[in-house]
Amino acid sequence: MDQVLPIALISVLLGTAIALFFFKNYFLKRKSEIGSIAKPEIHPDPLRKPPKPTHQSKKFHSHASSDKDHSKKHHPLDLNTLKGHGDSVTGLCFSYDGRSLATACADGVVRVFKLDDASSKSFKYEPEAFLFQIMFLRINVPAGGHPVAVAFSDDASSVVLASHALSGSSLYMWGEEKVKDSNDSKQQPKLPLPEIKWEHHKIHEKKVVLTLVGTASTYGNGDGSTIVASCSEGTDIKIWHGKTGKNLGTVDTNQLKNTMAAISPNGRFIAAAAFTADVKVNISDYWQKHFVRTLSDIPLVWEIVYSKDGSVKEVPKVMQLKGHRSAVTWLCFTPDSEQIITASKDGSIRIWNINVRYHLDEDPKTLKVFPIPLHDSNGGTLHYDRLSLSPDGRILAATHGSMLQWLCVETGKVLDTADRAHDGDITWIAWAPRPIPTGRNKKGDGQTSILATASVDKKVKLWAAPPLRSA
């Protein structure tokens, strides 16, 4: 017991000494650090070089400068951007008066914007205010469906939507629900809400709808009501009555698969671009190049024949647009419904006169042929993905990937180009049928032809028409 006590005391003393030593060094170090902060170097060495910036600071500076460069590269024709879409915008459509714009989005929502001023910055989507000045209609697509295309019916509050699910494609028409009058004058009237007026499912079996277009049936005995054409990725194209949803007819391209379809503005013709793979047979190279391709990839035109009561009587095939050496990627009608413009992978744009006596076997005539002014790094000609013609028929808008171009229809010359109109591929383009106020002049009453573009970058952009250069 006497031997244990000295050992314990020695251990305690040694531990205390070691602890004091470490605490002393710690406090001396902290004191020197505080002193160096409180008394900075007053006379720095003039020969001392400043420290080099780290890699991280370089990267941040570069990013900031690139943002400034990006803002400086704002295209002069870019009027506005409609934000608020939660996913890729798959389609868009203007109402007949040009004051409403409907968009279909992969987030499962159809939005309708009111375009009182195309240059107004109040288009930013605000969920709590969508029923007022900016967005007056928002439609949630039934669960399981993905919106792929949209078209207006008879008015701006009636929207036809093509949706696709695992079971196939569906068509819905939403219209405003009638609001009952309230006897209470103090109670605010309820805002009209959209409700499904009609719907059809598996309209093209399990095929996806590629394009959905509508127009007023004003030709011949047409009663002026809206007809809508849905083009599937298969070979069939169906015509629908916009208000009732009745199937008015079906046509078939009888090729490998469809590319797109369009209706003439007066509701008389339907034109479609389709694709058929070349059949390799044991014939000479000349005939394989000229004869076999002539049998494939030819745009087809049907006429919608109306009965005296305004209903659709038949839809016979009346014309073929023969002339391109390769597949037609897109086509559009002129405002007078008498011409068709086609873009092909053969690197050319053709303007066709379809105002011919086809019942006497008179073929459409090629009026003009222009080269597509797009080339890759190797000098090869590129093709256009989509076309849209201005309401006056003078400016052709065309896209390739994320690039947007405006061409003069008279000369085929490029009026302007937005090399990167969007941050991703453009999915749809359309001109407003009438000029829209832009507020660009001092009086604020300027009106401009407006082009809308949709993209996978979740944005819809509004563009002003470029000025036409004198010949």
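Author: Valine 305 belongs to strand E18, which covers residues 305-306, in what is a predicted model. Its relative accessible area is 23%, and valine 305 is therefore partly exposed, since that class lies between the limits of 20% and 50%. Although valine 305 and tyrosine 219 stand 86 residues apart along the chain, their C-alpha atoms are separated by 9.2 Å.

Turning to charge, Asp309 takes part in a negative surface patch together with Asp154, Asp155, Glu176 and Asp223. Within this group, aspartate 154 sits in the loop that runs between strand E6 (146-152) and strand E7 (159-165), and with a relative accessibility of 32% aspartate 154 counts as partly exposed.

Charged side chains may also be paired, because opposite charges can do so when their charged atoms come close. Nine salt bridges are found in a search of the whole structure. In one of them, lysine 461 and aspartate 78 meet through their side chains at 3.6 Å, N to O. This pair links distant parts of the chain, with lysine 461 in strand E33 (residues 460-464) and aspartate 78 in strand E1 (residues 78-82), 383 residues apart. Lysine 461, at 14% relative accessibility, counts as buried because the limit for that class is under 20%, and aspartate 78 is likewise buried, with a relative accessible area of 10%.

Another salt bridge joins the side chains of arginine 111 and aspartate 107 at 2.9 Å, N to O. Here arginine 111 is buried at 3% relative accessibility, whereas aspartate 107 is partly exposed at 29%.

A further salt bridge, at 3.1 Å from N to O, brings together the side chains of arginine 357 and glutamate 362. Salt bridges with shared partners join Arg357, Glu362 and Lys365 into one network, and glutamate 362 itself is partly exposed, at 23% relative accessibility.

The backbone deserves a look as well. Most residues other than glycine have a negative phi. Aspartate 361, by contrast, has a positive phi near 65 degrees, and it lies in the loop between strand E23 (348-353) and strand E24 (365-371). With a relative accessibility of 68%, aspartate 361 counts as exposed, because the limit for that class is over 50%. Asparagine 254 also has a positive phi, of about 55 degrees, and is found in the loop between strand E14 (247-252) and strand E15 (257-263), where asparagine 254 is exposed with a relative accessible area of 65%.

Conventions. Residues numbered from 1 in each chain as written. Predicted model: local features only at pLDDT ≥ 70, side-chain atom pairs only at ≥ 80, totals over all residues. Heavy atoms only, no water. Patch = residues over 30% accessible without salt bridge, like charges linked within 9 Å, V, L, I, M, F, W, Y side chains within 5 Å. Areas by Shrake-Rupley, 256 points an atom, 1.4 Å probe, with all protein chains shown as cover. Salt bridge = Lys/Arg side-chain N within 4 Å of Asp/Glu carboxyl O. Lys, Arg positive; Asp, Glu negative; His and termini not counted. Charge placed at Lys NZ, Arg CZ, Asp CG, Glu CD. Helix = DSSP H or I, 4+ residues; strand = E, 2+ residues; numbered from the N terminus. Buried < 20%, exposed > 50% of the residue type's maximum accessible area, 1.4 Å probe, protein only.
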